[in-house]
Amino acid sequence: MNYDNILIETHGKVRLVKLNRPQALNALSPELTRELAHALDSFEQDTEVHVVVLTGNEKAFAAGADIKAMKDLTYMQAYKSDFITDTWERITKFRKPTIAAVSGYALGGGCELAMMCDFILAAESAKFGQPEINLGTIPGAGGSQRLTRFVGKSKAMEMVLTARMIDAQEAERCGLVSRVIANDKLIEEALATAQKIAALSMPIVLMAKEAVNHAYEVSLSEGIHFERRLFHSTFGTEDQKEGMNAFIEKRKPIFKNQ
């Protein structure tokens, strides 16, 4: 399928997806989110895709939702169409690893989309914020929930109530982003990170992702039990045998994704 609002590059087993509405600072229009959901559906079924990197451009990852497209929505229109849930949330259900590579603005829906990815790599120029309060509304794609889990109540409350933006350094200090990278090295480093993951056993990577995500949904004891059962299940895979034998034999493992 040809897309109008996203660009896709193939880098081995990694797909680099670029949000492509530069004239609108990559504002997340319904058309863009539908295209992104469709692309993720195809990646899910493609055994040659192991990791997805999501990015924008130097000015903006995404400066928010497309306000022009949503300003006249009524409650019933938003409710009946399940606005946001039907397309935006697709990335949260994507089983394979996702990395957000953020340059420039990640505001409102852009910040929320980045947080839906498994982790965020931020350029030095990155700025994060939830400015919905200035528009007479509140975050609607997880901004009040995921942001609070990442940075804690006090900082999340300040950001949501005052619309204050934070820079990449502050975002790293408070746990929103994994690392801060030089502007001109962001995509290179994001792809290198993705390639490292893509070279591993995909079934084991999926289990590891599932285990970490589970930590946010359950108590510690339940999470440990879930992790333990997944850990036990890895001993039923060929890749566990290969990985441990390769370690003992001091060679690089050759994983078969089995």
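The legends below describe an overall view and several close-up views of a predicted model.

**Figure 1**
Along the principal axes, the C-alpha atoms fill a box of roughly 60 × 45 × 40 Å. Of the 258 residues, 43% count as buried. The accessible surface comes to about 14000 Å², and 55% of this surface belongs to carbon and sulfur atoms. Among contacts with a separation of 6 or more, 67% are between residues 24 or more positions apart.

**Figure 2. Helix 4, a buried helix (residues 109–116).**
Eight of the eight residues of helix 4 are buried, so this helix is largely enclosed by the rest of the structure. The buried residues are G109, G110, C111, E112, L113, A114, M115 and M116. A residue is called buried when its relative accessible area is under 20%.

**Figure 3**
The structure holds two aromatic pairs. In one of them, Y75 and Y79 are stacked, with 5.7 Å from centre to centre and 15° between the planes. An α-helix has 3.6 residues a turn, so residues three or four places apart point the same way. Y75 counts as exposed because its relative accessibility is 59%, and Y79 also counts as exposed, at 55%.

**Figure 4. The aromatic pair F231 and F235.**
A pair of aromatic rings is described by the distance of the centres and the angle of the planes. For F231 and F235 the centres are 5.2 Å apart and the planes make an angle of 85°, an edge-to-face arrangement. F231 counts as partly exposed, at 46% relative accessibility. F235 is partly exposed as well, with a value of 37%.

**Figure 5. The salt bridge between R90 and D41.**
Side chains of opposite charge can pair when their charged atoms come close. A search of the whole structure finds 15 salt bridges. In the one shown here, the closest N and O atoms of R90 and D41 are 2.6 Å apart. R90 lies in the loop between helix 3 and strand 5 (98–102) and D41 in helix 1 (residues 30–45), so the pair ties together parts that are 49 residues apart in sequence. R90 counts as buried, at 16% relative accessibility, whereas D41 is partly exposed, at 39%.

**Figure 6. A salt-bridge network that includes R164 and E158.**
The network links K155, E158, R164 and E170. Within it, R164 forms a salt bridge with E158, and their closest N and O atoms are 3.1 Å apart. R164 is partly exposed, with 27% relative accessibility. E158 is also partly exposed, at 32%.

**Figure 7. The salt bridge between E249 and R251.**
The side chains of these two residues meet at 2.7 Å, N to O. E249 is partly exposed, with a relative accessible area of 48%. R251 counts as partly exposed too, at 34% relative accessibility.

**Figure 8. A nonpolar surface patch that includes M157.**
I133, I138, M157 and L161 make this patch, which covers about 380 Å². M157 is found in helix 6 (residues 153–162). The relative accessible area of M157 is 40%, so this residue is partly exposed.

**Figure 9. The surroundings of N5.**
N5 is found in the segment before strand 1 (6–11). With a relative accessible area of 12%, N5 is buried. Leaving aside neighbours within four places in sequence, N5 is in contact with K18, L19, N20, R21, E31, L32 and E35.

**Figure 10. The surroundings of T193.**
T193 lies in helix 8 (residues 186–198). This residue is buried, with a relative accessible area of 15%. Apart from neighbours within four places in sequence, the contacts of T193 are I99, F119, L121 and R179.

How values were computed. Residues numbered from 1 in each chain as written. Predicted model: local features only at pLDDT ≥ 70, side-chain atom pairs only at ≥ 80, totals over all residues. Heavy atoms only, no water. Patch = residues over 30% accessible without salt bridge, like charges linked within 9 Å, V, L, I, M, F, W, Y side chains within 5 Å. Areas by Shrake-Rupley, 256 points an atom, 1.4 Å probe, with all protein chains shown as cover. Salt bridge = Lys/Arg side-chain N within 4 Å of Asp/Glu carboxyl O. Helix = DSSP H or I, 4+ residues; strand = E, 2+ residues; numbered from the N terminus. Buried < 20%, exposed > 50% of the residue type's maximum accessible area, 1.4 Å probe, protein only. Phe/Tyr/Trp six-rings, centres within 6.5 Å; stacked < 30°, edge-to-face > 60°. Contact = heavy atoms within 4.5 Å.
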